[in-house]
Amino acid sequence: EVPPSPLSDFQIVGAGTDENGEKVFVNKDTGDVEPGARPQRSYTWRPHVLLFNAPNEDEELVYYPNTKQTREAYGKGTFGPDVDMEVTKQFM
C-alpha cells in the first residue's frame, strides 16, 4: 500500500475487527469509529493525489503538489477535480 500524503488531512482507515469479525474503520481526524464506512483518503478538498511518471520528476511516484508553484497554491481551497484536470494537461 502507498503511504498517505503528508499534506492531506482526511483519512478513514481500517482498525482491525470487532467481536463479531466485522471490519472496523476509524476516522483518523476524530478517532471515532465510522459504521458502514470504507477506507478512503481525502480527494475533494486538499486532495490526496499520487502522480505516476509525472513530467520533470526524477522519482516514479510523487505526491501533488510537486512543484514550487503548486505547493504555494495548495491549501484548503485546492479542489481535487481541478488538480486532476491540471495534471492531465501536463501529459497531453
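## Strands β4 and β5

L50 stands opposite Y63 in β5. This is a predicted model. β4 covers residues 49–52, and β5 covers 61–64. The two strands pair in the antiparallel sense, over four bridges.

Side chains alternate along β4. V49 and L51 point to one face and are buried.

## The loop between β4 and β5

Two asparagines with positive phi sit in this loop. N53 is found between β4 and β5, and N56 is found in the loop between these strands too. Phi of N53 is about 55°, although N53 is not a glycine. Phi of N56 is near 65°, again a positive value in a residue other than glycine. Most residues other than glycine have a negative phi.

Accessibility was computed for both asparagines. N53 has 42% relative accessibility, so it counts as partly exposed. N56 has 80% relative accessibility and therefore counts as exposed.

The peptide bond from Y64 to P65 is cis. Its omega is near 5°. Most peptide bonds are trans. P65 lies in the loop between β5 and α1.

Helix α1 spans residues 68–73. T70 is found in this helix. With 7% relative accessibility, T70 counts as buried, because the cut-off for buried is under 20%. Which residues does T70 contact, leaving aside its neighbours within four places in sequence? They are Y64, P65 and E86. Y64 and P65 are also the two residues joined by the cis peptide bond.

How many salt bridges does a search of the whole structure find? The search finds one. The side chains of E72 and K68 meet in a salt bridge, at 3.8 Å from N to O. The two residues are four apart in helix α1, which means that about one helical turn separates them.

Are E72 and K68 buried or exposed? E72 is exposed, and so is K68. T70, found in helix α1 as well, counts as buried at 7% relative accessibility.

Conventions:
Residues are numbered from 1 along each chain as its sequence is written. This is a predicted model: local features need pLDDT of at least 70, side-chain atom pairs count only at pLDDT 80 or more; totals for chains, interfaces and linings use all residues. Side-chain values use heavy atoms; hydrogens and water are left out. A salt bridge is a side-chain nitrogen of Lys or Arg within 4 Å of a carboxyl oxygen of Asp or Glu. Buried means under 20% relative accessible area, exposed over 50%, partly exposed in between (1.4 Å probe, protein chains only). Two strands pair if DSSP finds at least two bridges between them. Contact means heavy atoms within 4.5 Å.
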